[in-house]
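Have your viewer ready and your selection tool at hand. We will go from one stop to the next.

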Amino acid sequence: MFYLYFHCAGPGEILIDRNGTEVLDLIEARDWALTLARALVERAYGTHDFSDWHVYVSDEDDDEILLIPFSAVMPTIH
């Protein structure tokens, strides 16, 4: 088990995860980061540009574990 923090940041803005989340492994951490990014994009769709945003997943010492770009969950134009 890991206790990780999922901070979201973009140009001039940062959303700090002060509570953290317990995950089983890095796969679950990646999945949670993608879920978080997807939720933020869906709630603000069309009103906010998330193209330069990332989810920074860090441990209790604030060491970066994963970096997930919001572009991984953003809709694409075909």
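The tour starts at a cysteine and then moves on to aromatic rings.

This is a predicted model, in which local features need pLDDT of at least 70 and side-chain atom pairs count only at pLDDT 80 or more, while totals for chains, interfaces and linings use all residues. Residues are numbered from 1 along each chain as its sequence is written, and side-chain values use heavy atoms, with hydrogens and water left out.

Please select Cys8 first. You will find Cys8 in strand β1, residues 2–10 (strands are DSSP runs of E, at least two residues, and helices are runs of H or I, at least four, numbered from the N terminus). Is Cys8 buried or exposed? Cys8 is buried, with a relative accessible area of 3% (buried means under 20%, exposed over 50%, partly exposed in between, with a 1.4 Å probe and protein chains only).

Now show what Cys8 touches. Beyond its neighbours within four places in sequence, its contacts include Leu40, Trp53 and Phe70 (contact means heavy atoms within 4.5 Å). Leu40 is 32 residues from Cys8 in sequence, with 9.6 Å between their C-alpha atoms.

Next, turn to the rings. The whole structure holds four aromatic pairs (ring centres within 6.5 Å, using the six-membered ring of Trp; planes under 30 degrees apart are stacked, over 60 edge-to-face, the rest tilted). Select Phe50 and Trp53: this pair is edge-to-face, 5.2 Å centre to centre with 75° between the planes. Phe50 lies in the loop between α1 (26–43) and β4 (54–58) and Phe70 in the segment after β5 (64–69), so their pair ties together parts 20 residues apart in sequence. Both Phe50 and Phe70 are buried.

Finally, keep Phe50, Trp53 and Phe70 selected together: they form one aromatic cluster.
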